[in-house]
Amino acid sequence: NATTDQRNAIDAEVDRLLDMHDALADLAMAEGVHQVVLGNYARNLELLGEFEPAQDAYTRAEDLARHTHGAQDQRYWLTLAYHARMLHRRGERTRALELFRQMNAAIPPDLDASNRGAWARGLYAGCLAAEGRAADAIPLLEATLASFIEQDYTRSIAVWRLALGDA
């Protein structure tokens, strides 16, 4: 049997864990609202764990962006990148890598970080690193990091340095 002090300590820890869980739920909800406000319906569904509707929303967004703005436009290939990342995280590697292949083919080679080309390629590199393909991921991550250093995007530099270190 636990003493009163031990029960109180356990109760305090349970309360702390419940508060942490509530805070994480609030954070997920806030991120979801943020994505909806930005018009990122598919990413909002993904954050909420609604993967089938997210899949449909990504596909519709890709088609709309390609038909409205063309395959060379960042709205198209960034949508491909986020869709592929979701598939990759869910274990659908073959489909994800096909979307990343389409994305890489669509990004004009001369785009810099301000045009999101580096960001999209960095998402791809992160998925390659998660598969244990460091030799493929590291050059992409290094190029992504170099683009953000050139643009002096401090927050992004920190993000991509961590990703490169994890690869």
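Q: A salt bridge is a side-chain nitrogen of Lys or Arg within 4 Å of a carboxyl oxygen of Asp or Glu. How many salt bridges does a search of the whole structure find?

A: The search finds nine. This is a predicted model, in which local features need pLDDT of at least 70, side-chain atom pairs count only at pLDDT 80 or more, and totals for chains, interfaces and linings use all residues. Residues are numbered from 1 along each chain as its sequence is written, and side-chain values use heavy atoms, with hydrogens and water left out.

Q: Which residue meets Arg 95 in a salt bridge?

A: Glu 92 does, with 2.5 Å from N to O. Buried means under 20% relative accessible area, exposed over 50%, and partly exposed in between (1.4 Å probe, protein chains only). Arg 95 is partly exposed at 41% relative accessibility. Glu 92 is partly exposed at 24%.

Q: Is Asp 73 buried or exposed?

A: Asp 73 is buried, at 17% relative accessible area. Its side chain forms a salt bridge with that of Arg 75, at 2.8 Å from N to O. Arg 75 is partly exposed, at 45%.

Q: Which residues are linked in a network of salt bridges?

A: Look for Arg 93, Glu 131, Arg 133 and Asp 136. Asp 136 is partly exposed, with a relative accessible area of 38%. Arg 133 is partly exposed at 30%.

Q: Step back to the fold. How many helices and strands does the chain have?

A: Eight helices and zero strands. Helices (H or I, at least four residues) and strands (E, at least two) are DSSP runs, numbered from the N terminus. Read from that end, the elements run α-α-α-α-α-α-α-α.

Q: What share of the residues is buried?

A: 32% of the 167 residues in the chain are buried. The accessible surface comes to about 10,100 Å². Carbon and sulfur atoms own 54% of that surface. These areas come from the Shrake-Rupley method with a 1.4 Å probe; for residues, only the protein chains shown count as cover.

Q: How do I read a surface patch? Which residues gather in the patch of negative charge?

A: Patches are made of residues with over 30% relative accessible area and no salt bridge; like charges are joined within 9 Å, and nonpolar side chains (Val, Leu, Ile, Met, Phe, Trp, Tyr) within 5 Å. Lys and Arg count as positive and Asp and Glu as negative, with His and the chain ends not counted. A charge is placed at NZ of Lys, CZ of Arg, CG of Asp or CD of Glu. Here the negative patch holds Asp 11, Asp 15, Asp 19, Asp 22 and Asp 26. Asp 22 lies in helix 1 (residues 4-37). Asp 22 is partly exposed at 45% relative accessibility.

Q: Which residues make the nonpolar surface patch of about 390 Å²?

A: Leu 17, Met 20, Leu 24 and Leu 27 make this patch. Met 20 has its place in helix 1. Met 20 is partly exposed, at 38% relative accessible area.

Q: Now contacts. What percentage of the contacts with a separation of 6 or more joins residues 24 or more positions apart?

A: The figure is 47% for this chain. Contact means heavy atoms within 4.5 Å.

Q: Where is Ala 71, and what is it in contact with?

A: Ala 71 sits in the loop between helix 3 (51-69) and helix 4 (74-89). Leaving aside neighbours within four places in sequence, Ala 71 contacts Arg 66, Tyr 76, Trp 77 and Ala 106. Ala 71 is partly exposed, with a relative accessible area of 30%. Ala 71 and Ile 107 are 36 residues apart in sequence, with 8.1 Å from C-alpha to C-alpha.

Q: Which residues does Arg 85 touch?

A: Phe 100, Leu 123 and Cys 127, not counting residues up to four places away in sequence. Arg 85 is in helix 4. At 17% relative accessibility, Arg 85 counts as buried. Leu 99 is 14 residues from Arg 85 in sequence and 9.1 Å away in space, C-alpha to C-alpha.

Q: Where does Ala 134 lie?

A: Ala 134 is in helix 7 (residues 134-151). Ala 134 is partly exposed, at 23% relative accessible area. Asp 166 is 32 residues from Ala 134 in sequence and 9.3 Å away in space, C-alpha to C-alpha.
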